[in-house]
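Dear colleague,

Please find the structure below, followed by a short account of what was found in it.

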Amino acid sequence: MKKKMSGKQAVMEMLKAEGVTHIFGNPGTSEGPLIDMLGDYPEISYFMTLQESVAVGMGEAYARSTNTASFVSLHVDSGLANGIALMLDALNSGTPMVITSANYDSRKINETKTDLAELVRPVTKWAVELDLPDQIPSVMRRAFNEANSHPKGPVYVGFTANALEGIADMNIIPSAKIHDETRPDNTAIAKAAQLIKDSKNPVLMLGDRVSDDDAISEAIELAELLGTPVYQFRGAEVSFPTKHPQYMGIYSLRSKRSRQALDNFDLVIAVGMDVFEELFYWGDVILNSAQKLIHVDPIPGRIGRTEPTDVGVISNCKTALKDITYIVKKHITENAMGVEIDEINLRRHQSKLDVQYHHQTFENLVKDNWDMNPMSPARMMYELSNAIPENAMIMDDSVSNRDAVRHYFPAEKRGDIVGIRGQSIGGGIGATMGLQCANPKNPVFGIIGDGSAMMTIQGLWTAANDKIPCVFVICNNGMYRVLRVNYNIYQSEILKETEPAGENLLHSEFSTPFNIATIAQGMGLHGERITDPRQIAPAVTRVLKTGGPGVLDIVIDGSL
Ligand SMILES: Cc1ncc(C[n+]2csc(CCOP(=O)(O)OP(=O)(O)O)c2C)c(N)n1
Ligand SMILES: [Mg+2]
């Protein structure tokens, strides 16, 4: 039913109708009309950040954890521009968000009024700016629909002062769930099953969208049926239980072990991922001509982007995995597989041995440095993983220490570990808070590189101000370590130079040290600096006892 109201009220009514309870933002004068309305909507909490990247980081993790678009309110052009780095990440990683800001009076077109939609068009799925109040309900409805349906991503809506202050008849009707869980084409599934049947040595690679599509059990079933090794690709969401005996870890072309492993397989079954997406250029085609690729993905346009694909299936991951498993099972029971059951058993056994071998190799590697000072990243993660409560959730922005994080923190289901999945640093501080806002009953620990933390360090204040009781654990190696790691790989593996200079890379070290524990204290948080690994467990107990947010600034070794 139509109701007369102002544009600014329509914005708030639409948020209420959409079920939005959290606004992550940073206000400016142009947003005054909206901020002023908040007093009338106590059911909606506004989390004030002191820099827009913090708000976007909060929105990113909140959306991924609640599986629905988050709402972020930024300031006109300058504030919006500050949010762009993490908006780009959200676009690349498909995180549903509705981001807004307000603009000046549209009659000021001759002055320095920025075209806000134009400003963010490259980093959004859809971007519009409104001049009329009566545009607000339908555009907000479409914004949530667009953000929440494939390809998911950030959507931008700008409101001029005219749209916010004008009065019009409004229909406040929220978006409805769009059922875009596409079913796979039967012919494609039959072709995929045939390739699996013909394969002697397949591998399963699972991207974040396996987790998004709630397809972990289906992935386990197919993996166990085939006895294949399983890799997680990128690994920002949990797509496979890390303790599973066939789980090989995170796949990255930057790792020699990953690249070499690929040579062993005659078939890659890639599900819910951007196939072989990577930082460096490893060639225009990664697989050799004898290797086959099945790619299942829910997003049209993601299949066949770079890698020649033998069978491409646009489908919800859960449904496609189920259907493939059904046919493969039939092949097996009819004994029609190219390989015999014994061979599948052998493959399963071999996968388990490989997993154990890699696990043991890691443990052997870190054993010698177990008592070193500063402590090794492995020791830090070992102590931390033993100290945190059973129901803790991990936000992983550990950058170059991700291998150690993943070695010691088991993850069984979606949400056990939520990783930063984009390219920008600075996401972790906000994402830790966003994860905590979405999961108020679980202790949340954000494991964050010191460089990434410093990019949005003012975010700590929001945790104190809004009493968000998460724990920020800083991997304090005093450097941008990953730049050294990557530069070594670039020089030796891409340029084929014999003496990589990563260790001595200029401007990768914080030669003037900073103390994040005292910075935290200065912003009203509990903060501790830890140099002795035996102090990690007592410090975790202490920070949890405060009931508020805190920082554990852990000094670790950064050598390559
Ligand atoms: C906004 C932004 N600026 C710069 C970079 C380049 N960059 C990528 S990783 C990184 C260093 C991260 O350092 P830290 O968080 O300390 O983790 P470490 O490498 O030491 O493990 C930098 C500067 C980036 N990705 N994003
Ligand atoms: Mg660092």
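The protein chain is divided into domain 1 (3-170), domain 2 (186-354) and domain 3 (368-478 + 513-555), with bounds taken from an automatic or database domain assignment. This is a predicted model, in which local features need pLDDT of at least 70, side-chain atom pairs count only at pLDDT 80 or more, and totals for chains, interfaces and linings use all residues. Residues are numbered from 1 along each chain as its sequence is written, while chains are lettered from A and ligands numbered from 1 in the order in which they are written.

Between domain 1 and domain 3, 25 residues of the former are in contact with 25 of the latter (C-beta atoms, placed from the backbone, within 7 Å). On the domain 1 side, helix 3 (52-66) is one of the elements that supply at least two residues, and its share, 13 residues, is the largest. Helices (H or I, at least four residues) are DSSP runs, numbered from the N terminus.

The axes of helix 10 (residues 216-226) and helix 12 (residues 317-333) come within 9 Å and cross at roughly 25°; axes are lines fitted to C-alpha atoms over the stretch in contact, and angles run from 0 to 180 degrees between N-to-C directions. The two helices are therefore roughly parallel to each other (angles under 35 degrees). Among the residues that meet there are Leu-222 and Leu-225 in helix 10 and Leu-321 and Val-328 in helix 12.

Around ligand 1, helix 17 (450-455) and helix 19 (481-494) each supply at least two residues of the shell.

Yours sincerely

How values were computed
Contact = placed C-beta atoms within 7 Å. Parallel < 35°, antiparallel > 145°, perpendicular 65-115°, else oblique.
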